[in-house]
Amino acid sequence: MAIDRVPFGHGLEVTRLIFGCAPIGGLFAEVSPEMAAQTLEENWAQGSRSFDAAPYYGVGLAEERLGTFLVGRPRDEFVVCTKVGRLLVRTEGRPDESGFFFGTPSRACVDDFSRDGARRSVEESCQRMGLDRVDIALVHDPSDHMAAAIDESYAGLAQLRSEGTVKSIGVGTADLVAIERFCRETDIDCALVPGRYTFLDSSAAERVFPLCLERAIKVMAAGVYNSGVLADPHPGAWFNYAPVPPALLQRVLQIRNACQRYGVPLAHAAVQYALSHPAVTAVIIGARSAEEARANASYVAAPVPPELFDELTASGLLR
């Protein structure tokens, strides 16, 4: 399948579909090593060559599984993104599965937005993935640590960029105020924006996307399904990591009905909507099965009728 590669700056090219590794780290449900490997293999077969990971995803499990998959593959054929701001420590007994990740190792995340913490985080991520470098490194969820994130984490990543250990640096968070501050106060190359340019929340288009276009900051749009409801709408579906409110679900079902009139699956339309904004360079979409990986690739590769988005806007379903 043809998935376009696009320039990302600093000599990098990413595929328009970046594989999100959170699901293979056990996001929402445990994933076996075999299923994770099959999912990654299918994603590769479909033409995606870019991967987004983080220490937080399965407390290192996602990075380890990605690294196992990448063994023996030419290093210049793929692009890897990871994040800083959390370091991993080993814990005793069973892993804590009270959050969003299941089937994880006995580890815990510890916030560390220091300059040394950023360097150490990249080094440890490289060790988990068996790589000598990462291509993209982001400050992850800095909202509660903004002073340290800008003064320390960013400085650490900027030094790694100058040394060539990473090529592109940026920020990844759903907090648009935090992204705006990074855009204005630092020299970042890119921003990962989860769940803020979708059928249900297009708030990134108001201030962040114009600022990114003005400053040539590449945008990776994640969370295009808003945690799942835009892929499989039903009572109890996830919306931004919580059960979808009934009124919002009804709106999603109306959007799905409009998509069906054009012969387009809701998830396909959601992906193409995120890609339709000129600020968006690529979408990050996770998968926990080969079937999901195939579907995601098909949604990125094939356009949808632009009249669909016109109808959704005219009807007031896009806000």
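**Helix packing and ring pairs**

Mentor: In helix H3, Arg115, Ala118, Arg119 and Val122 meet Glu152, Ser153, Ala155, Gly156, Leu157, Gln159, Leu160 and Glu163 of H4, where contact means heavy atoms within 4.5 Å. Note that this is a predicted model, in which local features need pLDDT of at least 70, side-chain atom pairs count only at pLDDT 80 or more, and totals for chains, interfaces and linings use all residues. Residues are numbered from 1 along each chain as its sequence is written, and side-chain values use heavy atoms, with hydrogens and water left out.

Trainee: At what angle do H3 and H4 pack?
Mentor: About 50°, with the axes of H3 (residues 115–129) and H4 (residues 146–163) 7 Å apart. That makes H3 oblique to H4; angles under 35 degrees count as roughly parallel, over 145 as roughly antiparallel, 65 to 115 as roughly perpendicular and the rest as oblique.

Trainee: New topic. How many aromatic pairs are found in the whole structure?
Mentor: The search finds 17, and rings of Phe, Tyr and Trp (its six-membered ring) pair if their centres lie within 6.5 Å, with planes under 30 degrees apart counted as stacked, over 60 as edge-to-face and the rest as tilted. One of them is Phe28 with Phe100, edge-to-face at 6.2 Å centre to centre and 90° between the planes.

Trainee: Where are Phe28 and Phe100 in the chain?
Mentor: Phe28 is in the loop between E3 and H1, and Phe100 is in the loop between strand E6 (86–90) and strand E7 (107–111), 72 residues apart. Helices (H or I, at least four residues) and strands (E, at least two) are DSSP runs, numbered from the N terminus.

Trainee: Is Phe28 buried, exposed or partly exposed?
Mentor: Phe28 is partly exposed, with a relative accessible area of 24%. Buried means under 20%, exposed over 50%, and partly exposed in between (1.4 Å probe, protein chains only). Phe28 also has a positive phi of about 75°, although it is not a glycine.

Technical notes. Axes fitted to C-alpha atoms, helices over the stretch in contact; angles between N-to-C directions.
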